[in-house]
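Trainee: Please walk me through this structure, feature by feature.

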Amino acid sequence: MDIKARVGSMGNRSRVTLAAGAVAVVAAAWAVPTVTGSLHSPQQNVAREQGGGTTADGHNSDGSAQGGDGGTQQQSGISDGIAHASEAGGNAVNITIDDGPDPVWTPKVLDVLKRHGVKATFCMIGPQAKAHPDLVKEVVAAGHRLCDHTVDHDTSMDKKPVAYQQKEILDAKKMIEDAAGGGAQVLYYRAPGGAFTPDSRRIAAANGMRPLGWNIDSKDFDKPGTAAIVGTVKKEIGNGPTLLFHDGGGDRQQTVEALDQVLTWLKAQGRATGFPVRTTP
């Protein structure tokens with residue numbers, strides 16, 4: 001190869017090397033995550049729901065890590081860690097009801113709870129609460145607790161800007177509290193689909209709401225049949241104390257029937273019921 005050809009070949013190789021380097025720099029830049037929230041958090045973004053029960057990597061159904069809530073106490077006195085434990089301690093179970101209130105199904109769920117003498121936590125969607133303030137008041141009057149389940153039930157909100165997350169959480173909180181009236185408080189926040197972030201947890205806790213997870217997804221939302229719902233709860237009861245049911249999102253007849261059977265079974269097992277913890281023990 002003559003000198004001119006060799007120089008040309010070397011130039012081509014240099015251009016290829018530079019181009020490859022540029023691609024690597026761009027790829028590295030895209031790979032760097034945006035860090036939000038407190039740096040002490042063991043997970044920068046809590047994994048979303050991974051199916052019923054405990055996953056192989058040691059997570060709860062809502063994706064949060066087992067063994068401690070990984071949170072810190074905010075100035076409000078509320079921890080920003082995701083709660084699962086029960087205030088009643090021991091082997092007590094927390095009943096949580098999502099996506100209402102619904103004019104057809106919430107009253108039926110309330111009737112079942114009343115018959116069994118059980119208190120539950122109702123995770124309400126803001127516009128639903130605004131549309132049915134009588135039901136919100138009925139929930140509060142019966143001694144149940146309120147939980148913020150956002151405005152739009154956006155299961156991808158963990159990928160949205162912090163300002164969006166804040167608006168979803170705080171607007172829903174106001175709608176629910178306004179509907180409840182009488183100074184009733186929203187004591188918990190549950191992210192749709194388990195889409196928690198360090199920022200959303202901090203926002204909730206700073207405003208007096210403990211982030212609320214779950215250990216057992218009854219799968220009632222999918223309407224697999226009453227027996228299947230009850231079977232899921234019995235199978236997964238060892239995963240932790242917080243059970244997830246729904247009073248919104250369509251026909252919940254199976255939920256009503258399954259909840260009745262589950263509460264009967266829990267009583268036979270000597271399992272008390274309670275509310276989720278709000279502060280770190």
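Mentor: Start with the elements: helices (H or I, at least four residues) and strands (E, at least two) are DSSP runs, numbered from the N terminus. This is a predicted model, in which local features need pLDDT of at least 70 and side-chain atom pairs pLDDT 80 or more, while totals for chains, interfaces and linings use all residues. Residues are numbered from 1 along each chain as its sequence is written, and side-chain values use heavy atoms, leaving out hydrogens and water.

Trainee: How many helices and strands does the chain have?

Mentor: Eight helices and eight strands. Next comes burial: buried means under 20% relative accessible area, exposed over 50%, partly exposed in between (1.4 Å probe, protein chains only). Of the 281 residues here, 46% count as buried.

Trainee: What is a nonpolar core, and which residues touch the most other members in the largest one?

Mentor: The general idea is that in soluble globular proteins, nonpolar side chains tend to be buried together. A nonpolar core is a set of buried Ala, Val, Leu, Ile, Met, Phe, Trp, Tyr and Cys residues joined through side-chain atoms within 4.5 Å. The largest one here has 45 residues, and Ile95, Phe122, Leu146, Leu243, Phe245 and Leu259 touch the most other members. Helix α8 (residues 253–268) contributes the most to this core, with seven residues. A second, separate core of six residues includes Cys123, Tyr188, Leu212 and Phe275.

Trainee: Which residues is Leu259 in contact with, leaving aside its neighbours within four places in sequence?

Mentor: Contact means heavy atoms within 4.5 Å. With those neighbours set aside, Leu259 is in contact with Ile95, Ile97, Val109, Val112, Leu113 and Phe245. Among contacts with a separation of 6 or more, residues 24 or more positions apart account for 73%.

Trainee: How do I read strand pairing? Which strand does β3 join?

Mentor: Two strands pair if DSSP finds at least two bridges between them. β3 (145–148) and β4 (residues 186–189) run parallel, joined by three bridges. Cys147 has Tyr188 in β4 as its bridge partner. The path from β3 to β4 goes through α5, and this β-α-β crossover is right-handed. By definition, with the strands pointing away from the viewer, a right-handed path from the first strand over the helix to the second runs clockwise.

Trainee: Now a loop residue. Is Thr150 buried or exposed?

Mentor: Thr150 is buried, at a relative accessible area of 0%. Thr150 sits in the loop between β3 and α5 (162–180). Its side chain reaches the backbone nitrogen of His153 at 3.1 Å. That is a polar contact: a pair of N or O atoms within 3.5 Å, where within protein one must be able to donate a hydrogen and the other to accept it, and residues adjacent in sequence count only if both atoms are side-chain atoms. Leaving aside neighbours within four places, Thr150 also contacts several residues, including Met124, Glu168 and Tyr189.

Trainee: How many salt bridges does the structure hold?

Mentor: Ten. A salt bridge is a side-chain nitrogen of Lys or Arg within 4 Å of a carboxyl oxygen of Asp or Glu. Take Arg190 with Asp98, whose closest N and O atoms are 2.8 Å apart. Arg190 lies in the loop between β4 and α6 and Asp98 in β1 (residues 93–100), so the pair ties together parts 92 residues apart in sequence. Arg190 is buried at 0%, and Asp98 is buried at 3%.

Trainee: How many residues apart in helix α6 are Arg202 and Asp199?

Mentor: Three, so about one helical turn separates them. Their side chains meet in a salt bridge (3.1 Å, N to O). Arg202 is partly exposed at 33%, whereas Asp199 is buried at 6%.

Trainee: Last, the backbone. Which peptide bond is cis?

Mentor: The bond from Gly100 to Pro101 is cis, with omega near 0 degrees. Pro101 lies in the loop between β1 and α2 (105–116). In strand β1, Asp99 has phi near 80 degrees, a positive value in a residue other than glycine. Asp99 is buried at 10%. Lys219 has phi near 65 degrees, also positive, and is partly exposed at 25%.
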